[in-house]
Amino acid sequence: MLPKNPSNKLETHEVFNVPSYLGDQDLWENDRALKDWTNILGGGWAVEKLKTIGKSVGSQKVFDKADKANKYAPELKIFDKYGMRINQVEFHPAYHELLDLAVSSEVHNFAWRHRKKGSHVVNAALIYMFCQPEGGIMCPMAMAYSVTPSLKSTPEIEKKWMPGILSTSYDSRDIPIEEKTGNLIGMFMTEKQGGSDVRANTTFARPLGAKQGISQEYLITGHKFFCSAPMCDAFLVLAKTEDYGISCFLVPRWKPDGTRNSLNIQRIKDKLGNRSNASTEMEFKDTYGVMVGEEGRGIRTIMDMVTGNRIYCAMSSAGIMRQALVQAIHHVSNRSAFQKRLIQQPLMQNVISDMAIETEAALALGMRVASSIDNSEHNEEEKSFARIGTAIAKYWICKRAPFLVYEALECHGGIGYIEESIMPRLYREVPLNSIWEGPGNVMALDVLRAITKDALAGQVLIKEIKSAYGADDRLDRLCDRLESLLESKNTLEVSMREITQMMALGLQGALLIKYSSKEVAEAFCASRLNNQYGGAFGTLPAETDFDSIIERAYSL
Ligand SMILES: Cc1cc2nc3c(=O)[nH]c(=O)nc-3n(C[C@H](O)[C@H](O)[C@H](O)COP(=O)(O)OP(=O)(O)OC[C@H]3O[C@@H](n4cnc5c(N)ncnc54)[C@H](O)[C@@H]3O)c2cc1C
């Protein structure tokens, strides 16, 4: 661990005007917006847990482990010393320790273990805090969280696998699940010729015995081009059957007879970021799998899992924005230029405030979508909101995050570009959330699908924005425009990015007006809902109350 205040006298010069190390962070206590939104949206009953986790996950020790897990990337071990095929990936101990912390903190299953109102909101808060030191552990956490609704389609599989997913024990051993204390599940859909367009999949499955269909055994042959977290105990996989087309299968690492399944890893991908997490390419040759959901309805079955992953992507991007903002605030508060601390320079105040309102708007939107999942069970409107809100949040939050991280990096000047700081790691990590589980266009088209197929989706969206109607002219105008666009059915495919952006800004504006500070809400509406807005950070109007916004963003 780095000392908090390094010695400043060197042989040739004195080192001054550099910030001390940030050290331990309290990811809960210092984040007023997180505390507020968790309470507002029904997660207040878990505050004690979130408090504890905010301290432990924000500790310098955890951030150091994240650095190590990225520096010492996973290694492929295809064969053992006797030449037996084992298809394993070896991780640095720091990665296992981080996963252990995440699993024991229920990041992958809180909502399913505590089934009461607000549990998805609390889960969202956990995601937001955990991804701040390290995004690479979130991939297996996301998939384990998201798989639960898909497994419900097949009671035999649900009964066998859910206890291990609901466990809070991290068991990294590569052995059959009957001998393990906890399990994780991954997902392989993407093939070389088709990722977004999974109907182009060519991997095929044939029944192992005389029976076929749901919960029957199959042998699968083909290739999957992106297989992340390959150390998981099982994977949901899409493959075609001869009669019905794309179906979904649970493919375990170990077969029921106690032998290894043939999940033949070919290589680990050399990625831009997310380096602690292994993403592999895999060949299937008569690989054992059990059908999940109905034959030919594989896309429908796996979509439940995809939806959960999309919420994870949105919350994880919001969390990365938050960490970038904290790093920037720390730096500019402790460095001077031109006789003043940077934080006191008017233009820097504008940049920091602008990033702070973007981060809170992202948090608010992500948490509101999580709350709609909490409310969905007996409420059709909330179910429709969850459907359309997930696509809007994934699109917009993941789109804004890379710009914000880049701007926060620039606040550091030159050292933001140097690898000893966390900024390059955040910068490399952040575009990924936008790509996987559906890149920007795919998300915008999903919004189009939602409003075309579910009449309620457009209505509940407008209702939500209108809940703040009359409070701000700029929001009223956006809402009227959006409403007439949806009524005239003028929602052309080519305009879906613009429409999705309007929806996101409308939702964020309404949420901030209703529940955030008036300074944050005013600055958001005056910038994002103004026709002149060009998107660059640091362009808030001169009359903005910068001090209040910055104080809210980082309260020590
Ligand atoms: C690090 C990493 C890990 C991953 N891990 C996994 C994993 O574990 N399991 C898994 O299954 N997948 C995984 N993926 C794959 C990921 O989900 C896909 O890359 C993603 O869904 C996009 O698919 P694609 O790469 O085939 O791109 P394409 O589908 O070819 O898309 C390319 C571009 O075309 C756009 N596009 C697509 N359709 C349309 C359209 N109709 N109109 C306009 N534009 C369109 C997209 O928005 C995108 O910008 C991973 C990816 C990465 C980068």
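Mentor: Start with helix 6, where S119, H120, V121, V122, N123, A124, A125, L126, I127, Y128, M129 and F130 are buried. Keep in mind that this is a predicted model. Burial here means a relative accessible area under 20%. That list covers 12 of the 12 residues of helix 6, so the helix is largely enclosed by the rest of the structure. Helix 6 runs over residues 119-130, and from its first C-alpha to its last it reaches 16 Å, close to the 16 Å expected at 1.5 Å a residue. An α-helix has 3.6 residues a turn, so residues three or four places apart point the same way.

Now the aromatic rings. The structure holds nine aromatic pairs. In one of them, the ring centres of Y145 and Y312 are 5.4 Å apart and the planes meet at 50°, so this pair is tilted. Y145 belongs to helix 7 (residues 138-151) and Y312 to helix 9 (residues 298-333), so the pair ties together parts that lie 167 residues apart in sequence. Both of these tyrosines, Y145 and Y312, are buried. Together with W112, Y145 and Y312 form one aromatic cluster.

A second pair is made by Y218 and F249, with 5.0 Å from centre to centre and 65° between the planes, which is edge-to-face. Y218 lies in strand 5 (residues 217-228) and F249 in strand 7 (residues 245-252), so this pair ties together parts 31 residues apart in sequence. Y218 has 1% relative accessibility and therefore counts as buried. F249 is at 0% and so counts as buried too.

Rings also take part in contacts with charge. The charged end of K269 sits over the ring of F225, at 3.5 Å from its centre. K269 also lies over the face of F226, 4.3 Å from that ring centre.

Last, return to helix 9, which holds Y312 and also Q327. The relative accessible area of Q327 is 13%, so this glutamine is buried. Apart from neighbours within four places in sequence, Q327 is in contact with L22, Q25, H412, I422 and M423.

To put the parts side by side: helix 6 is largely enclosed, Y145 and Y312 join helix 7 to helix 9, and Y218 and F249 join strand 5 to strand 7.

Notes: Residues numbered from 1 in each chain as written. Predicted model: local features only at pLDDT ≥ 70, side-chain atom pairs only at ≥ 80, totals over all residues. Heavy atoms only, no water. Phe/Tyr/Trp six-rings, centres within 6.5 Å; stacked < 30°, edge-to-face > 60°. Helix = DSSP H or I, 4+ residues; strand = E, 2+ residues; numbered from the N terminus. Buried < 20%, exposed > 50% of the residue type's maximum accessible area, 1.4 Å probe, protein only. Lys NZ or Arg CZ within 6 Å of the ring centre and 35° of its normal. Contact = heavy atoms within 4.5 Å. Expected span 1.5 Å × (residues − 1).
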